[in-house]
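Have the sequence and the 3D view at hand while reading.

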Amino acid sequence: MKKLTLHLIVNVQAGAGNAKKVYTISKEFLNKKNIEFIPYFTEYAGHEKKITRYLLKKILIEWQPDIDNFPLLVVLGGDGTLHEVINVLHDHPKIPIGYIPGGSGNDFARGVSLSINTKEALDRLTSLNHPSPVKVIHAKFKNTDTKRIILNNIGIGLDANIVTTANHSKTKKLLNKLHLGSLTYLSAVFKVLHKQEAFPITFKTDTHYLSFEKAYLCSITNHPYFGGGVAIDPTASPYENEISIVLIEKVNIFEILYLAIKILNKKHLASKYVHHFKSSQLEITSNTNQFGQTDGEIIGNEAYHVNCHLADHLFWL
């Protein structure tokens with residue numbers, strides 16, 4: 001194992017408090033192994049970005065194998081925390097990031113085959129000698145002139161509507177404290193299934209121009225998973241040079257429920273109501289206001305004109 005100093009950004013609120021337990025296990029593990037680490041605890045929303053900017057200015061460097069005691073940035077939290085941290089490093093793809101999953105969904109960990117068992121994840125982290133490149137989606141939202149790195153997926157339509165409805169639920173904080181946060185999303189699903197209307201959307205890929213008039217759920221994804229382990233595209237991989245697109249058309253409620261069962265069984269891609277394609281470059285246009293999300297973070301209710309491509313970022317995985 002290469003000698004490292006771990007600069008550990010810890011979001012103890014992630015996973016409805018699960019990350020606090022993950023940190024306790026991590027602290028004991030690292031102390032027992034005599035691995036040097038410095039924790040930085042987030043205290044409010046967006047604090048992880050401020051911490052990352054500080055570390056970027058003072059401590060973090062691009063990967064160099066000949067440096068003894070390399071300063072490694074490690075995120076302990078959920079997909080949202082990791083999303084915000086990597087976006088601060090948008091222009092620094094050669095600064096590696098380690099990850100200890102502590103969220104509720106942990107879709108990125110599933111996508112890169114990283115164990116969500118804390119000790120197993122730490123064993124892997126501390127046994128490596130070098131980082132590896134992982135494909136991430138670089139997205140430019142032209143309507144708002146913003147750029148984002150996407151680790152998991154961009155969602156437009158149903159899934160983003162569910163996330164938005166759940167996050168604005170009056171009972172979310174209470175259910176999270178009772179470790180029943182999944183009930184918030186289950187409730188949101190039933191509220192949104194009927195309300196989500198069909199919408200038009202177009203895609204320009206490397207080779208085709210595709211147009212759909214009755215889109216219901218649209219996922220632009222970097223690996224198989226969304227929604228806490230649901231394989232929306234079982235064929236996707238963050239190690240291949242292709243962005244995956246899965247679009248589900250609006251159908252009646254009985255077909256929707258049948259499709260939900262097929263999704264859980266990873267057999268939905270064969271449905272005539274599901275459109276599946278891949279491309280290394282992608283342009284997305286949706287001119288009607290729709291809910292959107294990136295890695296579970298709400299974008300808003302707006303029209304979209306998004307350009308996407310893949311790029312490598314180093315991860316200590």
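A residue is called buried under 20% relative accessible area, exposed over 50% and partly exposed in between, using a 1.4 Å probe and protein chains only. The model is predicted, so local features need pLDDT of at least 70 and side-chain atom pairs pLDDT 80 or more, while totals for chains, interfaces and linings use all residues. Residues are numbered from 1 along each chain as its sequence is written, and side-chain values use heavy atoms, without hydrogens and water.

| Residue | Relative accessible area |
|---|---|
| Lys2 | 12% |
| Lys135 | 18% |

Lys2 lies in the segment before β1 (4-10); strands are DSSP runs of E with at least two residues, helices runs of H or I with at least four, numbered from the N terminus. Contact means heavy atoms within 4.5 Å. Beyond its neighbours within four places in sequence, Lys2 has contacts that include Trp63, Phe70 and Trp316.

Lys135 sits in strand β5 (residues 132-141). Its side chain makes a polar contact of 3.2 Å with that of Asp312; such a contact is a pair of N or O atoms within 3.5 Å, where within protein one must be able to donate a hydrogen and the other to accept it, and residues adjacent in sequence count only if both atoms are side-chain atoms.

Helix α1 (residues 18-32) meets helix α5 (residues 118-127) through residues including Phe29 and Leu122.

Notes: Axes fitted to C-alpha atoms, helices over the stretch in contact; angles between N-to-C directions.
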